[in-house]
Amino acid sequence: MRRDEAEHLVRRTGFGVDQVLVEALLPLGRSAAVDVVTDFSPNPPADAPAGIFDEQQTRWAQTKRLGAWWMERMRSVPRPLEEKLVLYWHGHFATNVDTHKYGWQAWEAHRVMRAGCMGNFGDLARQVALSSAMLLYLDNYRNKAGRPNENFSRELFELHLLGSGGHYTEADVTESARAWTGHHLDAERRSYRFQPTQHDNGSKTIFGVTRNWDGPEVIGEAVAGRRREASARYVVTRLWSFFGYPDPEPSLVEGLAATYSDANQDLAVLVRAILNRPEFYSDRARSALVRSPVELTAALAKGGGISAHRSQVYRWAAAMGQDLFRPPDPSGWSSQAAWISTVGTWVRADFARQLAWRIFDGRTMEAVHQLGPEAAVDFLADRFSLGVPSSQTRRAMEDCWRRGAQVHDFHRFRNAVVLTALSPEMQLG
Amino acid sequence: MCDDLADMRRQLSVQPDLSPAGRSRRRFLQYTAAGTAIAGLGLAAPGRASAVASSATSPVDGVLVVIQLAGGNDGLNTVAPVEDGGYHSLRRGAALDPEQALALGEGLALHPSLTGLKARYDRGEVAVIRGIGHADANLSHFDSMAFWQGGAADIRAGHRLRDGWLGRYLDGLGAGTAGVEGVVFDTAVPLHLVGRRARAVALPTGGVLTFGSRIPSHEAPLNDALRTMGAGERTLGPWADQLARMNVTAMDEADRLFPAYPGDELVGSRFEVELAQAARLINADVGVRVLSVTLGGFDTHEGLAWSHARLMDRLDAGIERFYAELDGVMAPRVALMTFSEFGRRVVPNGSHGTDHGAASVAFVIGSRVKGGLYGEQPSLSNLDGRGNLRPQVDFRSMYATVLDRWLRADAREVLRGDFEQFDLFGSDPDRTTIVGPAPSPLARHGYLMVTEAGGVHNFGRCANFGSPWTPGTVAVRRHPSGDGYWVAGRDGGVFSYGDAGYFGSMGGRSLSRPVIDMAAAPDGEGYWLVAEDGGVFSFGSAGFHGSTGNLSLVEPVVGMAAHPDGRGYWFCARDGGVFAYGSAGFYGSAGHIRLNRPVVGMTAHPSGRGYWLVCDDGGVFAFGAAGFHGSTGAIRLAEPIVGMATTPSGRGYWLVARDGGVFAFGDATFQGSLGAVAQTGDVRGIAA
């Protein structure tokens, strides 16, 4: 595998670029390299973060702990694709801790997505649907026979399974809401409990089939039954847009959808297929994605060698608009251009200043202070994995370094880190 | 419809500009980059760009604050038909209590939490647009929001949207990517503020801006480097150049917006804080025309009564916070408009909540808004097939009204179609009359105008404390402190604002002839009203020194001026005759000359030893110590002159025309005119 291809694969399947992993992939062919990045066995077990079940703490304190723990994994595990997939599914099956009763309910949903991110899509969707986080977030825990609540049913079709492409009708939404009645929580709202007396056992017509549908069966029908093709295209398009580029060609979508359907909606097969496609390595793909705040801050903390805890990336990503466990709405976070904004730039600069101090204080880049402009830029480009910086970026950073000769080492270094963080090379994913 | 959600999300935030126009613009930028820097386009040549020019709004520029109620606001419980039995039976336990709801008339009542809004409604500053919605809407949040944010006539579900209605408005302003004409408080720009060329900027609330030229000097090389980084074009995909240029934009904007960020942290709910920051940005007057603020959580699928009350509390608190922060000078330039993607189902679901519905309600709020009920309340006995209220008003009617009549844009072009409009912003026919001046320490740098419809407009250093919006207004007079004024109506009614106190009026009394002018007592503790027949009514410290009420005048009295010692006054008649009373001396009149045009008003010299008369063609006659500093007598005016005011020194004066045009002479300085706001009513007078 060529170095640029290996770096692209590692960059896209992680947060920042782990040069150790790149070196390991160089001798391999594409398919073998993909097998390496999709093998999560070298990752340490994802045991529950300490204190997550401590109900003495507020939900927000608990999720802050969870967020810091997760972002440390993003930054440091040897096979970060696992974390990246969970991040993807967190946006796909968005839930917001503000609607939860306990902070650990966010962890429970997180664990379901972690366990299912390389499994069967229908299983994943069903488990998420019955997680306390989703039952609370989209109100299904109060969806009762006779007076159905459509919230979950609508988002299930539009956001989780099919997309708003005309593959279901308003009547399907209403009838599906009836099918989901009774899928509630226990009295303390801790975990899932089916309440038979609240379930509508009447016949419902969904996707043209009239019978006594039950909620989870609707997922099966959408994913693997009468809507399997539409669902496959939807899932493929969304995953490809996350890993490759937005608006994939129809032929690409059809090809991947066929692979995925043939594999009975096995997500591991789909993820490997995506990473094996030549289009994934195309010029179009290389520069198509803007890093989200979580991706950017994790990559900067990784490049700087500063832990998630010390760099406070969880808090800074939230300030940039990506607050983990609190997505803005049921469709998760926007992408690409949504992250290019004035306020985003200001906050990125503030974060970079703070990070520069941590790096300076931690002496993880001592060597750079002795270097001339050109060598210093090479050093930073290597540490922060900027690839080959564009001429504008290089000139800007070199000029700044040169002019910084009169000021304190720290100020010169801090300006360089801010420039690194704000460079297009760093902000592209 | 869209094939996938990523599309939808992209549509609802910013889009890569891949349109042919966008591409050619990029090329344009590339070419110009080699030459000189273009301030305000988010692009700079290497080196430091020239300072970004501040572009303040003029008093006639309407500013729009858009409040998005995200999630689908339950219009039926925001403005409830509390006297309709059907409302209570269909809404069951979730109906508002008619005892607590705030009655608006026509059987409607506001949610009880909207107390601030109710007070504004009672003052005639809130337009309630009932039954607003979209005929082809489906019930998806995202599709519906795309309709509302896109706002064009030709939108169909599933069309790819590249721009939103306010973005297209910003395009029409020629707003650059580095401009701050449009503002949103978020980390992303929502679709309604995205144009083909222009785009609103996302700003933070509160705090300090540690970016741009105000950073410490040792960071100065950083700013130059960011400009270097932002110049030219990379061959690195669709985003790299946008990212690099955004750094430059962010610097320029930080510089420009610095005054709106005094460094303290704003406290309160996020919505309140955002509205407070919106007010600060308007106060800083850096050219912001459109601001967007979002209040989320309206997707009330459960517990409607409780959750909606909390949301209404927040909405009300936010609006009041906005006005508390907003500078009185800017207040008349601002209108607030609410919108939401849809209303909610009439019958509650099993969780005591309401599912997605159709028609809802919107508010347009502001001191220049003509308050009242607009549109039509949707029938509860004629619901659509899903049990939703049928829309009565296309939401683009509200947009068209705001675009044409408030933002002064071309609604047809922005919305790509014609929509019925409402008469939302004050207007009325006219009858020419005039008013005289009131002394003020700041008068060289500011003046007030009042229109026949009762709208008070302020220019320069002169605060606006509100408008009576009463048709038949004849005069405005400044309080001597400069911080307040009185407005008089032809029925003898008096409205007092700011430092100006209320000392009585002829309102409700029967007058033989209408009141045509007013003069303020120099101590600020009283005033006179004068009627067309020369009858004088004195209030507070203003004493009675005689009147022509017992004479039979050939021509009506048209103006009055007080002597600066407060112990006398003058009238002038249409034919140029002058009548002096008390300590006010007679220095001559035009009564013996045959005038080409009628006299329309008079103004006293600050020394009390002279006065001016002005004719409707702008001709000026100066008497005694009052000097002649010029006139419009030789200019052909589009509209007649209706009033005059002098500066404190007496070495200059302003003339104002019926259309709000202002002409400054001597040491009077031009601070703006109302020329463009004709629809708010013809101008009746000026006061300095």
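## Chain A and chain B

Among contacts in chain A with a separation of 6 or more, 69% join residues 24 or more positions apart; two residues are in contact if their C-beta atoms, placed from the backbone, lie within 7 Å. The model is predicted: local features need pLDDT of at least 70, side-chain atom pairs count only at pLDDT 80 or more, and totals for chains, interfaces and linings use all residues. Residues are numbered from 1 along each chain as its sequence is written, while chains are lettered from A and ligands numbered from 1 in the order in which they are written. Chain A has 429 residues, of which 61% are buried. Here a residue is buried if 20 or more other C-beta atoms lie within 10 Å of its own, exposed if 12 or fewer, and partly exposed in between, with C-beta atoms placed from the backbone. The secondary structure of chain A consists of 23 helices and four strands; helices (H or I, at least four residues) and strands (E, at least two) are DSSP runs, numbered from the N terminus.

Chain B has twelve helices and 30 strands. Buried residues account for 60% of its 688 residues. In chain B, 62% of the contacts with a separation of 6 or more are between residues 24 or more positions apart.

## The contact between the chains

Chain A contributes 62 residues to the contact and chain B contributes 59 residues. On the side of chain A that touches chain B, two or more residues come from each of helix H9 (151-161), helix H12 (228-243), helix H19 (342-362), helix H21 (391-403), helix H22 (409-422) and helix H23 (424-427) of chain A. H21(A) gives the most to that side, with eight residues.

By class, the side of chain A that touches chain B holds 22 nonpolar, 28 polar and twelve charged residues. Ala, Val, Leu, Ile, Met, Phe, Trp, Tyr, Cys and Pro count as nonpolar, Asp, Glu, Lys and Arg as charged, and the others, Gly among them, as polar.

## Helix packing in chain A

Two packed helices are described by the angle between their axes and the distance between the axes. Helix H4 (residues 59-76) and helix H16 (residues 293-304) of chain A have axes that come within 9 Å and cross at roughly 60°. H4(A) is therefore oblique to H16(A); angles under 35 degrees count as roughly parallel, over 145 as roughly antiparallel, 65 to 115 as roughly perpendicular and the rest as oblique. Axes are lines fitted to C-alpha atoms, for helices over the stretch in contact, and angles run from 0 to 180 degrees between N-to-C directions. The crossing of H4(A) and H16(A) is right-handed, the near helix being turned clockwise from the far one by less than a right angle (left-handed if anticlockwise). From H4(A), A:Met71, A:Met74 and A:Arg75 meet A:Val294, A:Ala298, A:Ala301 and A:Lys302 of H16(A). The residues of this contact are five nonpolar, no polar and two charged.

H12(A) packs with helix H13 (residues 250-262) of chain A at an angle of about 115°, the axes being 9 Å apart. The crossing of H12(A) and H13(A) is right-handed. Residues of H12(A) in the contact include A:Arg228, A:Val236 and A:Trp240, and those of H13(A) include A:Leu256 and A:Tyr260. By class, the contact of H12(A) with H13(A) has eight nonpolar, two polar and two charged residues.

## Nonpolar cores

A nonpolar core is a set of buried Ala, Val, Leu, Ile, Met, Phe, Trp, Tyr and Cys residues joined through C-beta atoms within 7 Å. The largest has 271 residues, and A:Ile274, B:Leu64, B:Ile129 and B:Met337 touch the most other members. H19(A) gives the most to this core, with ten residues.

Apart from neighbours within four places in sequence, B:Met337 is in contact with B:Leu64, B:Val66, B:Ile67, B:Ala362, B:Val364 and B:Val402. A second, separate core has 72 residues, including B:Ile516, B:Val558, B:Val578 and B:Met602.

## Loop residues

Most residues other than glycine have a negative phi, and most peptide bonds are trans. A:Gln336 is not a glycine but has a positive phi of about 50°. A:Gln336 is in the loop between helix H18 (313-319) and H19 of chain A, and counts as buried because it has 25 C-beta neighbours inside 10 Å. A:Ser385, also not a glycine, has a positive phi of about 55°. A:Ser385 is in the loop between helix H20 (373-383) and H21 of chain A, and is buried with 20 C-beta neighbours inside 10 Å.

In chain B, B:Pro190 is in the loop between strand E6 (182-184) and strand E7 (201-202). B:Pro190 has 25 other C-beta atoms within 10 Å, so B:Pro190 is buried. B:Pro190 and B:Asp163 are 27 residues apart in sequence, with 9.7 Å between their C-alpha atoms.
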